[in-house]
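Keep the viewer open as you read.

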Amino acid sequence: MSAEDTRKVAELLKGERFGFLTTTTPEGKLTSRPMALQEVEFDGDLWFFAEQSAPWLGHISHSPQVNVGAGSGGSWVSLTGEAVIVSDVAKKKELWNSGVEAWLPQGPEDPSVVLVKVDGDSAEYWDSPGNRLATAFSFVKAKATGEKPDTGDHKKVDL
């Protein structure tokens with residue numbers, strides 16, 4: 001992925017507080033859960049905190065290929081990659097914040113607190129021009145004129 005593509009994906013992810021992390025159960029079913037995105041400089045990796053006892057962590061051990069979807073307004077990112085469970089105390093301390101502490105009051109040094117690192121290998125994004133109102137106007141205009149709406153940029157990129 002080019003540096004420009006990485007910047008675009010980073011720009012779309014910046015400020016997003018949550019993402020839907022999708023894993024595959026041992027039975028082959030897809031399942032998703034909302035997770036708080038940890039604010040780090042995006043370099044192709046995403047980080048999440050979890051409790052080691054969370055049943056879905058077993059999905060990662062069985063099938064590490066995951067998807068993370070995030071977005072709001074007219075901008076959306078779908079990132080695929082390999083997930084790994086990390087219990088490095090120094091990394092947990094680096095990413096720790098008051099939002100995490102609200103969910104995991106036992107603290108970053110507790111072994112029940114783990115990180116899930118998603119090493120992104122590709123991303124797809126949709127970035128509509130302007131805000132929701134501009135996007136809605138584009139669809140109304142398209143319906144009136146019979147032309148395709150301007151849905152903005154859409155691109156698949158390798159990370």
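The paragraphs below cover strands, salt bridges and aromatic rings in turn.

This is a predicted model, where local features need pLDDT of at least 70, side-chain atom pairs count only at pLDDT 80 or more, and totals for chains, interfaces and linings use all residues. Residues are numbered from 1 along each chain as its sequence is written, and side-chain values use heavy atoms, with hydrogens and water left out.

Start with the strands. Helices (H or I, at least four residues) and strands (E, at least two) are DSSP runs, numbered from the N terminus. Two strands pair if DSSP finds at least two bridges between them. Strand E6 spans residues 113-127 and runs antiparallel to E3, with 7 bridges joining the two. Asp45 stands opposite Asp119 of E6. Strand E5 (residues 75-86) is also antiparallel to E6, joined by 12 bridges. Here Val86 has Leu115 in E6 as its bridge partner. In a regular strand, side chains alternate between the two faces of the sheet.

Now turn to helix H1, residues 3-13. Its buried residues include Asp5, Lys8, Val9 and Leu12. Buried means under 20% relative accessible area, exposed means over 50%, and partly exposed lies in between (1.4 Å probe, protein chains only). Just after H1, Gly15 takes a positive phi of about 85°.

Which residue does the side chain of Lys8 meet in a salt bridge? The partner is Asp127, at 2.5 Å, N to O. A salt bridge puts a side-chain nitrogen of Lys or Arg within 4 Å of a carboxyl oxygen of Asp or Glu. This pair links distant parts of the chain, with Lys8 in helix H1 and Asp127 in strand E6, 119 residues apart. Asp127 has a relative accessible area of 15%, so this residue is buried. Lys8 is buried too. The side chain of Asp127 also makes a polar contact of 2.8 Å with that of Ser75. Such a contact is a pair of N or O atoms within 3.5 Å; within protein, one must be able to donate a hydrogen and the other to accept it, and residues adjacent in sequence count only if both atoms are side-chain atoms. A network of salt bridges links Lys8, Glu11 and Asp127.

The structure holds 5 salt bridges. Among them is the one between Lys91 and Glu94, at 3.3 Å, N to O. Both residues lie in helix H3, 3 residues apart, about one turn of the helix. An α-helix has 3.6 residues a turn, so residues three or four places apart point the same way. Lys91 counts as buried because its relative accessibility is 19%. Glu94 is at 54%, so this residue counts as exposed. Glu109 and Lys93 meet in a further salt bridge, 2.7 Å from N to O. That pair spans 16 residues, from Lys93 in helix H3 to Glu109 in the loop between H4 and E6. Glu109 is exposed at 52%. Lys93 is partly exposed at 45%.

Finally, the rings. Lys91 lies over the face of Trp47, 4.7 Å from the ring centre. A charge sits over a ring if NZ of Lys or CZ of Arg is within 6 Å of the ring centre and within 35 degrees of the ring normal. The structure also holds 1 aromatic pair. Phe49 and Trp96 have ring centres 5.3 Å apart and planes at 90°, so they are edge-to-face. Rings of Phe, Tyr and Trp (its six-membered ring) pair if their centres lie within 6.5 Å; planes under 30 degrees apart count as stacked, over 60 as edge-to-face and the rest as tilted. Phe49 sits in strand E3 (residues 45-51), and Trp96 in the loop between helices H3 (89-95) and H4 (98-103), 47 residues apart. Both are buried.
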